[in-house]
Amino acid sequence: MSAGHSIYTPKSGFMKWLDNRLPLPRLIYDSFVAYPVPRNLNGWYTFGGILSLMLVSQIITGIVLAMHYVANSGMAFDSVEHIMRDVNFGWLMRRMHAVGASMFFVAVYIHIFRGMYYGSYKNPREVLWILGVIIFLLMMATAFMGYVLPWGQMSFWGATVITGFFTAIPWIGDSIQQLLLGGFAVENPTLNRFFSLHYLLPFMIAGVVVLHVWALHVTGQTNPTGVEVKDMRKETVPFSPYATLKDAVALVLFFILFAWFIFFLPDYLGHPDNYIPADPLKTPTHIVPEWYFLPFYAILRAITFNISIPFTEIVLIDSKLGGVIAMFASIAVLFILPWLDTSKVRSANYRPLYRQFFWIFVAVCIFLGWLGSRPAEGIYPTLSLIATIYYFAHFFVILPWLGWVEKPKPLPASIADAVLTESKRMAVSNPNPAVLHQTGTQS
Amino acid sequence: MKLKTILSGMTVALMLGAGAHAAEEGAPSYPLEQPRHADWSFAGIFGHWDIQQLQRGLQVYQEVCAACHSLKYVAFRNLEALGYSQDQVKNFAAGFSVADGPNDEGEMFERPGRTSDYFPSPFANEQAAAYANNGAAPPDLSLMAKARAPERGFPTFIFDIFTLYAENGPDYIYSLLTGYQDSPAGVEVPEGAHYNPYFVAGPALAMAPPLSDGVVTYEDGAPETVDQYAKDVSAFLMWAAEPHLVERKSMGFKVMVFLILFAGLLYLTKKQVWAGLKEKEA
C-alpha cells in the first residue's frame with residue numbers, strides 16, 4: 001500500500017505476538033478498515049464490492065449444487081430436475097446460481113462502463129484495468145461452461161456452436177476443438193471436462209480478484225473528478241465504516257433486484273429450449289447464447305465475407321475465421337484501451353465530447369446485443385457489420401482522435417475544491433440531479 | 001450537441017429501418033399468433049395454486065393426455081401437493097402397473113404402482129412412441145409449461161419485468177389446446193397435420209385436437225368445455241413443471257420485505273455515520 005503507512009496497532013498481547021509472526025490482521029486492517037477512499041465516490045463505484053459478493057454467492061451455491069449434480073450426459077438433465085424438485089431448497093440454490101450468473105454480468109458491465117466513463121484505466125491504473133479484463137474473460141469462459149451443464153437443447157447446441165469457432169483457426173483449429181470436446185462432437189467427455197473446468201475457473205477468478213484488489217490498493221481509487229487525491233486528511237475517508245456502509249446500501253439494493261428475478265422471474269433471463277433435454281439429432285430453430293454474450297455473438301456473425309488478396313481468388317481470411325477474429329478482438333481491444341485513449345483528462349465529466357461518444361458507445365453495445373438475438377438473415381448481418389465497425393472505430397479512431405481535438409473543461413484544483421464549489425452551488429440553487437450525479441452524493 | 005443529435009438520429013433511423021425491413025420481408029415467424037392470456041391463480045407476487053383446478057387438470061391429463069404423453073419427472077408422492085391424502089395417493093398409484101425387477105429368478109415383472117414410483121410412460125420406449133404416432137414421438141409433458149415460451153418481442157419484454165408476466169408457458173399450452181381451426185386460404189397444411197396459429201414451430205402440428213366438450217366428466221361442477229379443460233390442464237402442467245412455484249413466491253415476498261427494510265435501515269445508518277464526518281470538520 002503506497003496510500004499510507006500502516007497505522008495498525010495490535011491491542012492485546014496475543015495480537016502483538018501474532019503480528020510479529022503472521023501480520024494477517026494488520027493486512028486486513030490496512031486493506032479494509034484504514035484504507036483511505038476518496039470521499040466523493042458515487043453509487044457507480046459500489047459495483048466492485050457487489051461483484052465480490054456475487055462471486056462468493058456463486059461459489060457457495062455452486063458447491064452445494066455440485067453435491068447433487070451428476071456430470072454425465074445420460075443423467076445431467078435428470079439430476080438438475082432432481083435438484084429442482086426433491087433436494088431441500090435445491091430450487092433456491094439453482095435459481096440463485098443461474099440468475100446469479102446473469103446478475104454477475106449486469107454488475108460487471110456496469111463496473112466496466114463506469115471505468116470507461118471515469119477513465120479509471122489511465123496511468124497509473126493500467127495493470128488494475130488489465131487484471132479486470134482477465135477476470136471478465138475468465139467469467140465468460142466460466143459462464144459458458146456452466147450453461148452447458150444442465151444438458152438442455154441450448155446447452156448442447158451452444159457448446160456445439162462455440163467450440164466450432166476453434167475450427168476456424170488455420171492448421172491447428174481441428175486439434176484444439178477435439179481437445180476441448182474430448183472427441184469429435186459434443187458428448188459425455190465434453191460435459192465432464194466442462195464440469196471440471198467450471199469448478200476450477202471460479203477459484204482462478206478469485207485469485208485474479210485478489211490481484212485486482214491489491215493493484216487497486218496500491219494506486220488508490222479514482223473518483224468522479226478524475227483528479228488524484230492530494231490531501232489525504234481532507235479528501236479521503238477510512239474504508240470502514242464510510243465506504244463499507246455505502247457499499248452495503250448499494251449491495252442490498254442490488255440484492256433486491258437479484259431477489260426480484262430469483263423469486264418472481266427465474267426463467268426470464270434463460271431460454272425455454274433449455275428445458276428440453278439435449279438431442280444431437282434435433283437442431284433448435286435459433287441457437288442463441290445467453291443475453292450477456294449477445295453483443296459478441298453479433299460481432300461474430302457480422303463478418304459474412306471472405307477477405308482475399310485484391311484481384312485474385314486467394315482467400316486470406318474466410319468469413320468464419322474473420323468472425324472469430326473480430327469477436328476475440330472485440331474483447332482483446334480492452335487490454336490496450338489505456339493506450340488508445342490519448343486524453344490526459346480522466347473523467348468524462350470534464351470531457352464534453354468524450355461524454356457524448358461514451359453514451360453512443362453504450363447505445364451501440366446494446367444495439368449489438370439486440371442484433372445478436374436476431375436471426376442472421378435479412379438486414380441484420382448488415383446492421384451488425386455497421387455496429388461492429390463503429391465498435392472498433394470507437395477504440396481505434398474516436399478515442400485517439402478525441403485526445404487531440406477535445407478541449408476539456410477546466411479541472412478542479414483538487415477533490416476538496418470540487419466538493420466545496422459543488423456544495424456551494426447546491427446551497428444556492430435547487431439541487432439538480434445531474435449535478436448530484438457528477439460529483440456523487442456526499443451526504 | 002449537434003453531433004449528438006446527428007448520431008442519435010442515425011441510430012433511430014437504423015432501428016426503424018430494421019423494424020420496417022423485418023416486417024415487410026422474410027418467411028412468416030412462428031407462432032403465427034401470440035398466446036392468449038388466461039387468468040392464472042399462480043400469477044403475480046401472491047400467486048397460489050387453485051387446488052380444485054389442479055385436481056381437474058390431473059384428471060384431464062390422466063383421461064386424455066396420458067394416452068400419448070408421459071409425465072416422467074412427476075412421482076405419485078408429489079400428488080399430495082394437490083390436496084390428496086396419503087391413502088388417496090396410495091390408491092391412485094396402485095391403479096398403475098409398473099415394470100420392476102429383475103426378481104430372484106432373474107425375471108422382470110409387473111407390479112401395482114407405489115407412491116415412490118413416477119408416472120409410467122404410455123410407450124415402452126421412444127421408438128415405440130414414434131412408431132405409433134406417424135414417426136414423431138409425443139414429448140414428455142413434465143416441463144412443457146416452461147419449455148415453450150414464444151418470444152415476447154421489444155418492448156413488451158421490458159414491461160414484463162415490472163408486470164411480472166411469467167405465465168407465457170401455460171398461456172401457450174392453453175392457446176394451443178383451444179386454438180385448432182380451419183386453415184385460412186393460402187396456408188398449406190401437410191397431410192396428417194392440423195392447422196393451429198399458436199403452434200410454436202410452424203403453421204400446423206401433428207397432434208390432432210385432443211379435447212372436445214364433455215370428454216371429461218368433472219365432479220365439482222366446473223364447466224365441461226374445451227376452454228375449461230385447456231385451462232385446467234395448463235395449470236396442472238405448470239405445477240408439474242415447477243412444483244415449488246408457490247413456495248418460491250411466498251418466500252420471495254418475505255425476502256423482499258426484509259431486503260427493503262434492511263436497505264432503509266442501512267441507508268439511515270450510513271447517513272448518520274457520514275453526517276458525523278461533517279460535524280467533525282465543522
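This is a predicted model: local features need pLDDT of at least 70, side-chain atom pairs count only at pLDDT 80 or more; totals for chains, interfaces and linings use all residues.
## A first look at chains A and B

Residues are numbered from 1 along each chain as its sequence is written, with chains lettered from A and ligands numbered from 1 in the order in which they are written.

**Chain A as a whole**

- Chain A has 18 helices and four strands, taken as DSSP runs numbered from the N terminus (helices H or I, at least four residues; strands E, at least two).
- Its radius of gyration is 24 Å, close to the 22 Å that the globule rule gives for 443 residues, so chain A is as compact as a globular protein of that length. The radius is taken over C-alpha atoms, and the rule is 2.2 Å times the number of residues to the power 0.38.
- Along the principal axes, the C-alpha atoms of chain A fill a box of roughly 65 × 65 × 45 Å.
- Of the 443 residues of chain A, 41% count as buried.

**Helix H16 of chain A**

- Helix H16 (residues 380–405) has a kink of about 50° centred on A:Ala393; the bend is the angle between axes fitted to the seven residues ending at a residue and the seven starting there.
- Leaving aside neighbours within four places in sequence, A:Ala387 is in contact with A:Ala298, A:Val364, A:Phe367, A:Leu368 and A:Leu371. Contact means C-beta atoms, placed from the backbone, within 7 Å.

**Two domains in chain A**

- Chain A is divided into domain 1 (37–287) and domain 2 (289–411), with bounds from an automatic or database domain assignment.
- The C-alpha centres of these two domains lie 23 Å apart.
- Their contact takes 26 residues from domain 1 and 23 residues from domain 2.
- On the domain 1 side, H6(A) gives the largest share, seven residues.

**Nonpolar cores**

- The largest nonpolar core has 92 residues, of which A:Ala107, A:Ile299, A:Leu368 and A:Ala387 touch the most other members. Such a core is a set of buried Ala, Val, Leu, Ile, Met, Phe, Trp, Tyr and Cys residues joined through C-beta atoms within 7 Å.
- H5(A) gives the most to this core, with 14 residues.
- Both domains of chain A give residues to this core, so the core lies between them.
- Apart from it lies another core, of 40 residues, among them B:Leu58, B:Leu141, B:Leu143 and B:Ala240.

**Where chains A and B meet**

- The contact takes 32 residues from chain A and 42 residues from chain B.
- H11(A) gives the most to the side of chain A that touches chain B, with 13 residues.

**Chain B**

- The domain assignment gives domain 1 (31–73 + 142–243) and domain 2 (250–282) of chain B, and their C-alpha centres lie 45 Å apart.
- B:Phe76 is in the loop between helix H2 (51–63) and helix H3 (86–94) of chain B.
- B:Phe76 counts as buried because it has 22 C-beta neighbours inside 10 Å.

Terms used
Two residues are in contact if their C-beta atoms, placed from the backbone, lie within 7 Å. A residue is buried if 20 or more other C-beta atoms lie within 10 Å of its own, exposed if 12 or fewer, and partly exposed in between; C-beta atoms are placed from the backbone.
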